[in-house]
Amino acid sequence: MIELYYYTSPNARKALMMLEEVELPYDVRWTDISAGDQHAEPYGAINPNRKIPALVDHDGPGGQPITVFESGAMLLYLAQKTGRLLPSDPLRRWSAIQWLFWQTSSQGPLLGQAAHFVSHAASRGVDVQYAVDRYRREAWRLYGVLDARLVGRDHIADEFSIADIAAFPWVRVAKGQGVNLDDFPNVKRWCDGIAQRPSARKKFDRDDATKQAAKVGYYADETWNVLFGGKAPTRSQAT
């Protein structure tokens, strides 16, 4: 059995989609990052970076338990474990791997910064125009890279793979990054296609509740400090 440490976020959605696609049994361990669950022990022993997601596979290599953190590593681990969603053809396989690395090193981090300054900081009343312009331009550049890759292709690596699973959850929330998918027709076509998969439609009741709470609650002082201040508030700070 696999334990998935999960909260509503694009990176966690990757892991959830992957588990659904490869049809491995799993239990969700809800980890509320807005409440500071990621800073509590024993989560630090599972993910020393204290981010979401992470997984624990109690039937890992050699039948031994293993913890895996970082969403890209989780996708690779599950692909290797099941022999699925990583192409067998060497050229396609390396195409999928390099686009996975593009996603984890460029697309995800920089679109996350775009979302932070375009949407989150603005809702908090923080206006740093240089950062907004910088990350919005970088978001547009990255969508352009993906749009060019998808010309004449249904999938990033020419077949559905971990590369698509990695990139899709971030594209799905393009609006919050200041991006209109109509400006990137190949990305929009690809995104609409992936969105029809059962794994992309999988969600929990708490996902909707979390999205609603985030519209207001994320911008309260205590929650903002937990999410973006790098550590949970001390007892004295919270009182």
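Reader: Why is E21 called buried?

Author: Buried means under 20% relative accessible area, exposed means over 50%, and partly exposed is in between (1.4 Å probe, protein chains only). E21 has 12% relative accessibility, so it counts as buried. By the way, this is a predicted model: local features need pLDDT of at least 70, side-chain atom pairs count only at pLDDT 80 or more, and totals for chains, interfaces and linings use all residues. Residues are numbered from 1 along each chain as its sequence is written, and side-chain values use heavy atoms, with hydrogens and water left out.

Reader: What makes R197 and E21 a salt bridge?

Author: The rule asks for a side-chain nitrogen of Lys or Arg within 4 Å of a carboxyl oxygen of Asp or Glu. In R197 and E21 the closest N and O atoms are 2.8 Å apart, so the pair passes. R197 sits in the loop between α7 (185-194) and α8 (198-201), while E21 is in helix α1, 176 residues apart. Helices here are DSSP runs (H or I, at least four residues), as are strands (E, at least two), numbered from the N terminus.

Reader: How many salt bridges does the rule give?

Author: The count comes to 11. R153 and D158 form one of them, with the closest N and O atoms 2.9 Å apart.

Reader: What makes β2 an edge strand?

Author: Two strands pair if DSSP finds at least two bridges between them. Four strands form an open sheet in the order β2-β1-β3-β4, with mixed pairing. The edge strands β2 (26-30) and β4 (66-69) each pair on one side only.

Reader: How do you know that β3 pairs with β4?

Author: Four bridges join β3 (residues 54-57) to β4, and at least two are needed, so they pair; they run antiparallel.
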